[in-house]
Amino acid sequence: MTASSTRRTTTARSRIAAVGAIAVAGALILTGCGDQTEGSNESASTNDAPLFDKLPAKIQKAGVIKVGTNAEYAPMEYQEGGKIVGVDPDIAAALGKQLGVEFKFTSGSFDGLITSLNSGRYDAAMSSITDTKARQEGLDDKGKKLGPGVDFVDYFTAGTAVYVQKGNPKKINSIADLCGQTAAVQRGTTYEQALKDQSKKCTDGGDKKITIEPFENDTEAQTRVKSGGAVAGVNDYPVAIDMARKADGGNAFEVVGEQVDAGPFGIAVNKDNKELASALEEAVNAIIKDGTYKKILEKWGAESGAIDKAAINGGK
């Protein structure tokens, strides 16, 4: 989630078509309405997880990392059977085994995740959030300072994709074909910014602007495209591909063109919590090394987003 002021990138900021029930590895997932996590708080003296000692003392004592997400973004994160499932929760479960703590997910609006993180409600935000310099520095899309910013632990990569009604009735082949057209998108995502940037290119070139319709969640944006109210939607590539494959049995949407502007997704952490960021970076590298990371991405058909090594603040 690829998103701009806070996702999926946000998201992308889907972020979504229902997917079959999944038994998620590890004891971790909750809905936003209540705590369904079975407590397993272990003391520092008894926890033998390989990276437990790397965590801040406060989290060691709690045995939990509180995570904010926007669970409307299959296959990255979505709700199924009363639980939050998907790529991100599975990765978090694997990280939890390395760190010896539980990742407790709560779903909220995408564009409020970073604000909630910096207010102390969450220890981290993991919701397909595109790591950008603007988010690192707490800037909006016009460069205005909104807050202190966050640090990102990068664990995945994805670009922007355009999706249309099945059959592509308006013959859209790329984001450049949206000049003078109406496009739907989730508010606060990096792909909303992608539409704004493209719209400016349209008008600078003497064409008509794109009429951008931002929605609170991606499901609403998809509905707008499906009904024909918007000729296209813009989303993160893995989400758009999953949606085209599964929505209405594969008969609702198709993805046009190639993904563009690929960038890293990061786990967002408060800038004052360097110790947690460092521990998460080591944990991501550990699951890449032992093969768990690859298996998770293969399970969800998200191999295109694989990285070779974690990074802190690798976004541009």
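The legends below describe an overview and several close-up views of a predicted model.

Residues are numbered from 1 along each chain as its sequence is written, and side-chain values use heavy atoms, with hydrogens and water left out. Because the model is predicted, local features need pLDDT of at least 70 and side-chain atom pairs count only at pLDDT 80 or more, whereas totals for chains, interfaces and linings use all residues.

**Figure 1. Overview of the protein, with nine helices and 12 strands.**
Helices (H or I, at least four residues) and strands (E, at least two) are DSSP runs numbered from the N terminus. Of the 316 residues, 56% count as buried, where buried means under 20% relative accessible area, exposed over 50% and partly exposed in between, with a 1.4 Å probe and protein chains only. The protein exposes about 13000 Å², of which carbon and sulfur atoms supply 48%; accessible areas come from the Shrake-Rupley method with a 1.4 Å probe, and for residues only the protein chains shown count as cover.

**Figure 2. The aromatic pair of Tyr163 and Phe253.**
The structure holds three aromatic pairs, a pair being rings of Phe, Tyr or Trp (its six-membered ring) whose centres lie within 6.5 Å, with planes under 30 degrees apart counted as stacked, over 60 as edge-to-face and the rest as tilted. One of the three joins Tyr163 and Phe253 in an edge-to-face arrangement, at 5.3 Å centre to centre and with 85 degrees between the planes. Tyr163 belongs to strand E7 (residues 150-165) and Phe253 to strand E11 (residues 253-270), so the pair ties together parts that are 90 residues apart in sequence. Both Tyr163 and Phe253 are buried.

**Figure 3. Helix H2 packed against helix H9.**
Helix H2 (residues 87-99) and helix H9 (residues 292-300) meet at an angle of about 160 degrees, with their axes 10 Å apart; axes are lines fitted to C-alpha atoms, for helices over the stretch in contact, and angles run from 0 to 180 degrees between N-to-C directions. H2 and H9 are therefore roughly antiparallel, in a scheme where angles under 35 degrees count as roughly parallel, over 145 as roughly antiparallel, 65 to 115 as roughly perpendicular and the rest as oblique. H2 passes H9 in a right-handed crossing, a crossing being left-handed if the near helix is turned anticlockwise from the far one by less than a right angle and right-handed if clockwise. On the H2 side the contact is made by Val87, Asp90, Ile91 and Ala94, and on the H9 side by Thr292, Tyr293, Ile296, Leu297, Lys299 and Trp300, contact meaning heavy atoms within 4.5 Å.

**Figure 4. Helix H2 packed against helix H8.**
H2 and helix H8 (residues 274-289) pack at an angle of about 105 degrees, their axes being 9 Å apart, and the two helices are therefore roughly perpendicular to each other. From H2, Ile91, Ala94, Leu95, Gln98 and Leu99 meet Ala279, Leu280, Ala283, Val284, Ala286 and Ile287 of H8.

**Figure 5. Backbone details at Pro75, Ser128 and Asn168.**
Most residues other than glycine have a negative phi, and most peptide bonds are trans. A cis peptide bond, with omega about 5 degrees, joins Ala74 and Pro75, and Pro75 is placed in the loop between strand E2 (72-73) and strand E3 (77-80). Ser128, which is not a glycine, has a positive phi near 55 degrees; Ser128 lies in the loop between strand E6 (124-125) and helix H4 (133-137) and is buried, with a relative accessible area of 0%. Asn168, also not a glycine, has a positive phi of about 50 degrees; Asn168 sits in the loop between E7 and strand E8 (182-186) and, at 8% relative accessibility, counts as buried.

Asp207 lies in the loop between helix H5 (190-204) and strand E9 (211-215) and counts as partly exposed at 44% relative accessibility. Arg224, in helix H6 (residues 218-227), is partly exposed with a relative accessible area of 30%.
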